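Please open the structure in your viewer and keep the selection tool at hand. The tour below goes from one selection to the next and says what to look for at each stop.

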Amino acid sequence: MADERLVPTVCPYCALGCGFYIKINEGGPMIEYMLDHPTNEGSLCAKGNASMEIINHPDRLRHPLKKTEAGWSRISWDEALATVAGKIGETVRDHGPDALGFLGSAKSTNEENYLFQKMARTLGSKNVDCCARRCHSPTIPAFKRALGASCMTNPISDLANSDCIFVIGSNFAENHPIVARWALRAKDRGAKIVVADPRITPTTWHADLHLQIKLGTDVALLNGMMNVIIDEGLWDRKFVADRTVGFEALVDKVAGYTPDKVSGIIGSTPEAIVRAARIYAGSDSSAIVYSMGITQHSHGTNNVTACADLALLTGQLGRSGAGLYPLRGQNNVQGACDMGVLADFYPGSVSVHDPRAVQLIEEAWGTGPLPMGMGMTAETMPVAAASGNLRFLYIIGEDLVNSDSSSSRGRRELESLDFMVVQDIFMTDTAEMADLVLPAAAWAEKEGTFTSSERRVQWSPKALDPPGEARSDLSTILDLARLLGLDFDYAGPEEVLAEIGRVVPSYAGISMARAEERGGVIWPCPFQDHPGTPILHQEGFTAPGGKARIVPVDYLPPAEEATLDYPLLLTTGREALHHNAGSMTRRSFSLMKRAPELFVEMNPLDADRWSIIADDLVEVETRRGAAWARARVTTRQEEGVIFMPFHFPETNMLTSDVIDPEARIPEFKVAACRIGSMKGVI
Ligand SMILES: Nc1nc2c(c(=O)[nH]1)N[C@H]1C(S)=C(S)[C@@H](COP(=O)(O)OP(=O)(O)OC[C@H]3O[C@@H](n4cnc5c(=O)[nH]c(N)nc54)[C@H](O)[C@@H]3O)O[C@H]1N2
Ligand SMILES: Nc1nc2c(c(=O)[nH]1)N[C@H]1C(S)=C(S)[C@@H](COP(=O)(O)OP(=O)(O)OC[C@H]3O[C@@H](n4cnc5c(=O)[nH]c(N)nc54)[C@H](O)[C@@H]3O)O[C@H]1N2
Ligand code: SF4
Ligand SMILES: [Mo]
C-alpha cells in the first residue's frame, strides 16, 4: 500500500515495556509485532494486543469540559487553563501552597512527570504523589535502606539464566506474562520454580514447589527459610563478610523461626519450608520475583526487607541469574518514581529530608528554596481534603476513586475540595467528580520516554493524532506553568529529557537519540557513551559505606483477622484480561467479551457453607461496605479466603484503609468479610 508506515511504540499497559509497531495505513492503525525487541521478542499479551482499541474509542475525551448545574459543558482550552491557573492562584493566596495537591500519572512520560512535579514544587507545594503509593511504595524505603537503590536489579531476560526462581506474591503468568516466557526458558534448562502464594494461579501451575501460605505471613516464611539456611550452613560467608553489615542481628532474629514454629503460622509443612530454603540457597544463581502479594500489606515494608535479607544472606545479588525483581506495575511507574512524583522524593531519589541534595536541585532549577519534608500522599490527600487542609487537587491519569482502598470514604472526602481538575483520556469515575476535565492524548499520540520495570528508558514517537482537541499532558502542563508565571521554556520533550539528564545522574547519558535505539538504554547511564547498566550491585552497593544492610524484621499479623461477624478474608488483585481500575480495559470490546463482569472466587467448602453455587450473585460485605459479584466456585481458593479482582468499581468499596506505617500503602490484600447470596438473579 502506498503510504503505509510502521511506527515503533511501547505498550501502554504494564511495566514490562514491551515494544511493537503501529502500522498506519488507510484501514486505520494496527499492531505489527517487533521481533527484535530485547524484552518481548515480538510477543504481546492480551492487553497489549488489544491496545489499539483504546486509541479509536468513541468514549475518548475530545474537549475540555466544565461542570455546570446543567451537566458538563464544553469550553475552550484558553478558558480551561485560565480557570485552573486562577484556582491555583486563589488557593495559594488564601490557604498557602500546601493546600495544593498534585497526583501525577504512571501512564504519562518521564518528561511529563518531571515537569508536573517541578511545577508543583516550584509553586511551593510538597504534595506530589502517584499510584506507586498503592503499588511498590514499600520497595522504595526497604531497598534504599538495604541496597542503596530502590529498583529491580537484573533485566527480565536474565531470568532465563537463573537456576532457581523464587516467586513470592507475584502472579506473573497473568499480570506480567512476558516474564513467564523468560522464567519458562529457565525451567526448560532445568531451573526450579518455587512459588509462595495463598492462591493457586497460572503462575503456581509452573511451580516445582508451591507453598500455599496464609495471607500476610511472608515474613514468617522468609525468616523460617533463613533459619534453615543458617542452621544448615548454606549462607554465603564471603559475600556476607565482604559486602554486608547486620548479619549477627539477623542470626539472633531468625533463631526463633524454626520450621516447626513457622509451619504453624504459614500453614505449609516444615518440610516444604526446608525444601524451599535448600533450593533457593543451594542453586548457583537464584532470583526472587515479587510484586503486590508482598507490598500491599500493613507490613509491606517489612515484607520487602525480608526478601532483600534473604538475597543478601545467600549472596544471590550482583550477577547474572541472581537478583531481586520487584515487578513494577504501570507502563511508566518506574519513570514517575525516578522523576520524583512521590511525596518523599525529588527527582533521582533525592530524599525530601536531605537539605544538601535538595539544594542542588534548587541550583539546577534556578529557583528559590524548594519545599522540604514529607508531602501528603495519594492516600492522605483525600483525608486532608475532608479536614480542610487540602483545597485544590490536580489529578493526571489516575482513577483514584476506584483504585484507592475504602473508596466510599475517599469519594466523600474528595467532595470537600474547593476545586478538582482531572486530566485523562476517558471520563473516569474520578473525572466525573471533578470541576474541570482536560482531555489527554494517549501514549501513541504524543512523544517522549517511558522507563520500564527493568530500568529500560525507551523513546516512544508520535504515531497518530489525538482525537478532537485532546493534547499531550506535556503541552498542557507547559501552557499552565507559563500562565502561572513559571519559567518553563522548553521547545518539547527532547529538551526536557536533556534537563532530566542534568538533574538525575543515572539519566545523564540518555539522550533522545540513545532512547530511540531499539530497546533504548538501561539506567544507570551516567555519561554519553556509557552502555547502560543491566545488572546492579556487581561491585559495590550505593548504600552508606558501599555495604548492603541486612535488617532483621519480625512477623506481625495483618491488621484484620477473621471474626465471628466477618468470618472470611477477602483478598484482591488482578486477572489477565483487565487492567487496574479498568477505565481502559472495560472499554475494550475484545477484552470485555471474554471478561465481562466482576467475580468472586471461593472454595467449594465455603460455597457449601453459605449455600452458594457457581454463577450466583454474591453479596460481599466488609466493615467499609457491601458489593455484588458473580460466584466462581473453585479449589484455586483455599478455604476461608475469597478473591476479587479490582477492575470493576465495586471492589474497593470493601478494602481496608489500614496502611503500612512507613510506605503508607493500604492493605489491599487482607480484609475480614462475610458473604450472602441472591438466588435466581441472572
Ligand atoms: N492483567 C493485568 N496485568 C497487570 C495489571 C492488571 O491490572 N492486570 N496491573 C499492573 C500493576 S499496576 C501491577 S502493580 C502489577 C501487579 O501484579 P501482581 O502483583 O502479580 O498482581 P496481584 O494479582 O495484585 O497479586 C499477585 C499475587 O499475590 C498473591 N498474594 C496475595 N496476598 C499474598 C500474601 O500475603 N503473600 C503472598 N506471598 N502472596 C499473596 C495473590 O494471590 C496474587 O497471585 O500488575 C501489572 N500488570
Ligand atoms: N483493591 C485493590 N486496589 C488496588 C490494587 C489492588 O491490588 N487491589 N492495586 C493498586 C495498584 S498496584 C495500582 S498501580 C493502582 C492503580 O491505580 P490507577 O493509577 O488509578 O489505575 P488505572 O486504572 O490504571 O488509571 C490510569 C488512568 O490513566 C488514564 N490514562 C492512560 N493514559 C493516559 C495518558 O497518557 N494521559 C493521561 N492524562 N491519562 C492517561 C487511564 O484512562 C486511567 O484512567 O491501583 C491500586 N488499587
Ligand atoms: S506484558 Fe505488559 S507491556 Fe507486555 S504486552 Fe502485556 S501489558 Fe503490554
Ligand atoms: Mo501497580
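A polar contact, as the term is used on this tour, is a pair of N or O atoms within 3.5 Å, and within protein one of the two must be able to donate a hydrogen and the other to accept it. Please keep in mind throughout that the model is predicted.

**Stop 1: Arg456**

Begin by selecting Arg456, which lies in strand 20, the run of residues 456-460. Is Arg456 buried or exposed? With a relative accessibility of 9%, which is under the 20% cut-off, Arg456 counts as buried. Now show the side chain of Arg456 and follow it to the backbone oxygen of Gly519, which it reaches at 2.9 Å. The side chain of Arg456 also makes a polar contact of 3.3 Å with the side chain of Thr39.

**Stop 2: residues 4-59**

Next, select residues 4-59, where an unreviewed UniProt entry places the feature "domain: 4Fe-4S Mo/W bis-MGD-type".

**Stop 3: ligand 1**

Select ligand 1 and display the residues around it, of which there are 35. Which of them are the closest? They are Asp197, Gly216, Asp218, His578 and Asn580. For Asp218, look for the polar side-chain atom that lies 2.7 Å from a nitrogen atom of ligand 1. A nitrogen atom of ligand 1 is also 3.0 Å from an N or O atom in the side chain of Lys47, while an oxygen atom of ligand 1 is 2.9 Å from a polar backbone atom of Asn171. On its own, ligand 1 has 910 Å² of accessible area, and the protein covers 99% of that.

Colour the shell around ligand 1 by residue class, and its members divide into nine nonpolar, 18 polar and eight charged residues. If you colour by secondary structure instead, you can pick out helix 6 (172-175), helix 13 (292-295) and strand 23, each of which supplies at least two residues of the shell around ligand 1. In terms of domains, the shell draws at least three residues from each of domain 3 (139-326) and domain 4 (568-678).

**Stop 4: Asn580**

Stay with Asn580, which belongs to the loop between strand 23 and helix 24. Its backbone deserves a look, for Asn580 has a positive phi of about 45 degrees although it is not a glycine. Asn580 is buried, since its relative accessible area is 16%.

**Stop 5: ligand 2**

Now move to ligand 2, around which there are 34 residues, with Asp399, Ser403, Asp424, Asp473 and Asn652 coming nearest. An oxygen atom of ligand 2 is 2.8 Å from a polar backbone atom of Asp399, and an oxygen atom of ligand 2 is 2.9 Å from an N or O atom in the side chain of Gln330.

The shell around ligand 2 divides into twelve nonpolar, 13 polar and nine charged residues.

**Stop 6: two backbone details**

Select Trp523 and Pro524, which are joined by a cis peptide bond with omega of about 0 degrees; Pro524 is found in the loop between strand 21 (521-522) and strand 22 (548-549). Finish at Asp615, a residue other than glycine whose phi is positive, near 80 degrees. Asp615 is in the loop between helix 25 (604-609) and strand 25 (617-621), and this aspartate is exposed, with a relative accessible area of 53%.

How values were computed:
Residues are numbered from 1 along each chain as its sequence is written. Chains are lettered from A and ligands numbered from 1 in the order in which they are written. This is a predicted model: local features need pLDDT of at least 70, side-chain atom pairs count only at pLDDT 80 or more; totals for chains, interfaces and linings use all residues. Side-chain values use heavy atoms; hydrogens and water are left out. A residue is near a molecule or strand if one of its heavy atoms lies within 4 Å of it. Ala, Val, Leu, Ile, Met, Phe, Trp, Tyr, Cys and Pro count as nonpolar, Asp, Glu, Lys and Arg as charged, and the others, Gly among them, as polar. UniProt positions are given in the numbering used here, feature names are shortened, and annotations may be inferred rather than shown by experiment. Accessible areas come from the Shrake-Rupley method with a 1.4 Å probe; for residues, only the protein chains shown count as cover. Helices (H or I, at least four residues) and strands (E, at least two) are DSSP runs, numbered from the N terminus. Domain bounds come from an automatic or database domain assignment. Buried means under 20% relative accessible area, exposed over 50%, partly exposed in between (1.4 Å probe, protein chains only).
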